[in-house]
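This report goes through one protein model part by part. Keep the sequence and the structure in view while reading.

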Amino acid sequence: MKIVNINKDWEFEKEGEKSRVSLPHTWNGLDGQNGANGYYQGKCVYRKTLPGEKKICYIEFNGANSVAEVSVNGKKVGEHKGGYSMFRFRIDPFLDKEENLLEVSVDNTVIPEVFPTSADFTFYGGLYRDVNLIYAGETRFSLDDGSRYAVRAVPARQGDSWVIDVKTSISGANADTVCLYELKDADGITVARSTRPSDNPDDILSISSPHLWNGVKDPYLYTLRCTLVKNAKEIDEREINVGFREIEFDSEKGCFLNGEHIKLKGVSRHQDRENLGNALTLKEHEEDINLILEVGANSVRLAHYQQAEEFYTLCDKKGLLVWAEVPVITIYSKARQQNAEEQLTSLIKQNINHPSIFCWGIENEITLSGERNKKLVAGLNRLNDIAHSLDPSRPTACAQVAMAKPDSLLNRLTDILGYNHYFGWYMQTVNALDKWLDDFHKTNPSVKLCLSEYGAEAVIGYYSENPVQGDYSEGYQALYHEHYIDAVNKRDWMWGSYVWNMFDFGSAARNEGGVRGRNNKGLVTIDRKIKKDAFYMYKATWSDEKFVYITAKRYPDRVVGTTKIKVYSNLPEVTLKADGYEKTVKADRIFVFDDVPVKKGDNDVVVIAGKYKDSFTVNGVDKLPESYAIGKGVPILVRNWFGTDGTLKDDCLSVNDRVRDLLDNDEAQSMLKLAAGNTVKKWYVKLLRPFRIRTLLKIAGIDPQMTDIINGFLQTIKKH
Ligand code: GCU
C-alpha cells in the first residue's frame, strides 16, 4: 500500500467564483465565526486533475462537511452523507484517460436526513481534513470495509493473562498469501507472533502480564504490526497502537482504571480554531492536547462528532481517556435515523483500536424539544444495540439535556450517563446543582452518572470586584467552576465531569456578551492565546505542576482604597506583598486577599508560594473604566435567563406573545435561527404567525419547565 497525500493545489468554486486552494480547507473560516449575517451554507466544488491509473487506487476523504459527491470525468463515483467520518471510493476504473478531472461537490446545507440539523456550533463546510490516494495490490488489507485499518484488535483480560481478539478484513485473499501478526513492545521487541492464512485471518493473540496502558500516568503502547506475505515478500502492512487496559464504572464508587479508582477530570473539545474554522493541521491538534494536559485533565469529551484520527492517536499517546460521540443532537427525527446509524458505525469501526476511547456517546441533548417523539426511544435503542454489537468491550453513553426528568426512560438506556447542567448560568443559581445531584442519586441509585457538560461564559475584557451571574466576566466564570468542581469532588459516586468547554468555539447564530458568532464558555480563547482565570483554578485543582497565579491581571485599574486579589495555587501557602502590605494565607487552591491597599497610580503586587512567584501592577483610579462592565444595550441572550420568577416584564417578549411578534423582531429572529437552524419551512412559519407561543408550545408537548426557560429567553428581548 502506498499513500499519496493530494492536499495541494485544488481549484475551488463557490457561487461561480473560482480560486486555487490547498486542503485542509473550509469556506466558513471567517463567516462561520463573525456572526455578521449568518454564514454560507450551500454547495461548493473542488476540482483536481489526476493522471491515468491502471493499479488499484482508492481516494480517501478524512472529512467533508457535510454531504459530498465525487465524480471523475463527469461520472459519479460515490456519495457520502455525514461531515465527520472518513470515507473512501475506488477510483482507478474511472481514471481511464491520460488526464482525468476529479470533482468533489461538498454541501453544508442543512438537510433533514443528515445529523446535525440544529446545534450550538457552526457547521463549517469544506474538504477540511486530508485527502489521500491509496494504491494497493490485488491482495490487500481491505480499503472498503468502512474501517480505517481493516484490522480490529481489541485486548481483553482473561484471568491472569490477556488476549487480543484480532479480526482482519482482506480483499483478494488467496492460498499463497499469509497474514503475519507481530505484537511489539515500546522498545520494538516482539512479544507475541502468529501467522494465519489470508483467507481465514482472524486470530487470538495471548500475552501474559503486559505493561498496562494506565491513562496519563503511564500511557504505555504496544504496536501490532500486521503484514501480508506472499513468497517471502511483504505485500501490504498495517501498524496499530494497542493498549492493555480495563475500565469499569460503579454507581456508588465511580470509575476504575485497571482496578484502581480514578475520577475522570474532563474537559470537552470542539475542533475549530479562530479564522481556520475546522480546517486544522497536526500543529493545532498538538497545541490543543498540550493545553488539555497543562490544565491537568485526564479525560476529554470530543464533542459533538467524530474528530480527526490524529487527535484520537494523540490521546492514546498521552493517556487521555476519550468520550467519543456522534452528532445525534438537539432534535430527533426518524428521517435521520439511518444516517445516525451510519455515522455511529463509522465512528466505531474507524476508531475501535484506540485504547484512549472508553465509551461511545450515542446522543447529546436529543430531547431538547421534548421526549414526545414516539420513534425516539426505539431509534436510540437501535443505536445503543449497534454500538454494543460492533464493540462489546466499551460502554455506551448519552449526554442528557438538563430538563430531562430524572425518571426519563433515556436515563436507563445506555450503560453510563451524563447530564448537561447550567444551573448558575442559564437558570437558577449554582447551589441548585447540589440538590439536583443528591435528589437524582437518591431516586436513581443504580445510574452511573457524570456531568457531561457545565460551563459559564467569560468574555475577555469584563471585570468586576464582585462578579455576578450573567456578567460575562472571567471572575464569575471562575466562581461558577469553583462551585461545580467541588460539588463533583465531594460526591464519590460520580465518576467524573466535563467542563463545557476547553476552548471558545464558533457558533454562528450566537450573539452574547457583546461577541457575535461565538460560544465563550472556553477556559481558553478560540485563538488559544489567552488562558482565562478559570483555567488556573482547574490547574490548581487537577495538576501536579506547581505554580502560583494572580487572577484578574488583565484588569489592572482598581479604585483607590483597597482591592480584592484572588490567587490560585496548588501550594499550601501564598504570601502577597504590596506597598506596605504583606500577608500570608494558608488555603486549599483559592487564596483571597481582600484588603490589598491601592493608592493612585502604580502599585506593585507580588505573590510568592514556595519558589514560585507571580506579579502585576495595579493602577489606582477613581472609577473603574466603563469598558470593564458589559455595556448597556449590548445584545445578550443570557442575562435574564435565571430571572423567570413569574413577574413578567411588559416591555420584553414572552410566551404570551404571538409568533408574528417574534418574527418581526431582529433579535428574536437570530435566536430562532439558533434554536431551529434552517429546518423550519418558511410557508409553515407564515401559517403560524397568528398563534400564541404558549399555545404552540403546549400543542407541541413541550413541558412546563422548558416553556419557562423559553420564556426566560424571550424576556431578555425588548419589544420594539
Ligand atoms: C448544550 C449543548 C452544547 C452547547 C451548550 C451551551 O447544552 O450540548 O452544544 O454549546 O449547551 O449552551 O453552551
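Into which domains is the protein divided?

## Domains

The model described here is predicted. Its chain is divided into domain 1 (2–138), domain 2 (151–242), domain 3 (247–545), domain 4 (557–628) and domain 5 (659–714).

## Where domain 3 meets domain 4

The C-alpha centres of domain 3 and domain 4 are 34 Å apart. In the contact between these two domains, domain 3 takes part with 19 residues and domain 4 with 13. About 1,200 Å² of area is buried between domain 3 and domain 4, and carbon and sulfur atoms give 46% of this area. Three residues, Tyr463, Glu465 and Ala540, account for 48% of what domain 3 buries against domain 4, which is more than any other three residues supply.

Eleven residue pairs are in polar contact across the interface of domain 3 and domain 4, with both residues of each pair at pLDDT 80 or more. On the side of domain 3 that touches domain 4, the elements giving two or more residues are α7 (474–490) and α8 (533–542). The most comes from α8, which gives six residues to this side. Sorted by class, the side of domain 3 that touches domain 4 holds eight nonpolar, four polar and seven charged residues.

## Salt bridges

Side chains of opposite charge can pair when their charged atoms come close. How many salt bridges does a search of the whole structure find? The search finds 51, and two salt bridges are found across the interface of domain 3 and domain 4. The side chains of Lys566 and Glu482 form a salt bridge, with 2.7 Å from N to O.

Another salt bridge joins the side chains of Glu260 and Lys217, with an N to O distance of 3.0 Å. This pair links distant parts of the chain, as Glu260 and Lys217 are 43 residues apart. Glu260 is in strand β26 (residues 260–261), while Lys217 is in the loop between β20 (213–214) and β21 (218–219).

## Around the ligand

Which residues come nearest to the ligand? There are 13 residues around the ligand, and Asp120, Glu365, Tyr426, Glu453 and Lys521 come nearest. In the side chain of Lys521, an N or O atom is 2.5 Å from an oxygen atom of the ligand.

Two further side chains can be located in the same way. A polar side-chain atom of His304 is 2.7 Å from an oxygen atom of the ligand. For Arg510, the distance from a side-chain N or O atom to an oxygen atom of the ligand is 3.1 Å.

## Backbone details

His304 is placed in the loop between β28 (299–302) and α3 (309–318). A cis peptide bond also runs from Trp500 to Asn501, with omega near 15°. Asn501 is in the loop between β34 (496–499) and β35 (505–512).

What is the phi of Ala232 near? The value is near 65°, which is positive in a residue other than glycine. Ala232 is found in the loop between β22 (222–230) and β23 (233–242).

Methods. Residues are numbered from 1 along each chain as its sequence is written. This is a predicted model: local features need pLDDT of at least 70, side-chain atom pairs count only at pLDDT 80 or more; totals for chains, interfaces and linings use all residues. Side-chain values use heavy atoms; hydrogens and water are left out. Domain bounds come from an automatic or database domain assignment. Contact means heavy atoms within 4.5 Å. Buried area is the accessible area (1.4 Å probe) that two parts lose on being put together, summed over both. A salt bridge is a side-chain nitrogen of Lys or Arg within 4 Å of a carboxyl oxygen of Asp or Glu. A polar contact is a pair of N or O atoms within 3.5 Å; within protein, one must be able to donate a hydrogen and the other to accept it, and residues adjacent in sequence count only if both atoms are side-chain atoms. Helices (H or I, at least four residues) and strands (E, at least two) are DSSP runs, numbered from the N terminus. Ala, Val, Leu, Ile, Met, Phe, Trp, Tyr, Cys and Pro count as nonpolar, Asp, Glu, Lys and Arg as charged, and the others, Gly among them, as polar. A residue is near a molecule or strand if one of its heavy atoms lies within 4 Å of it.
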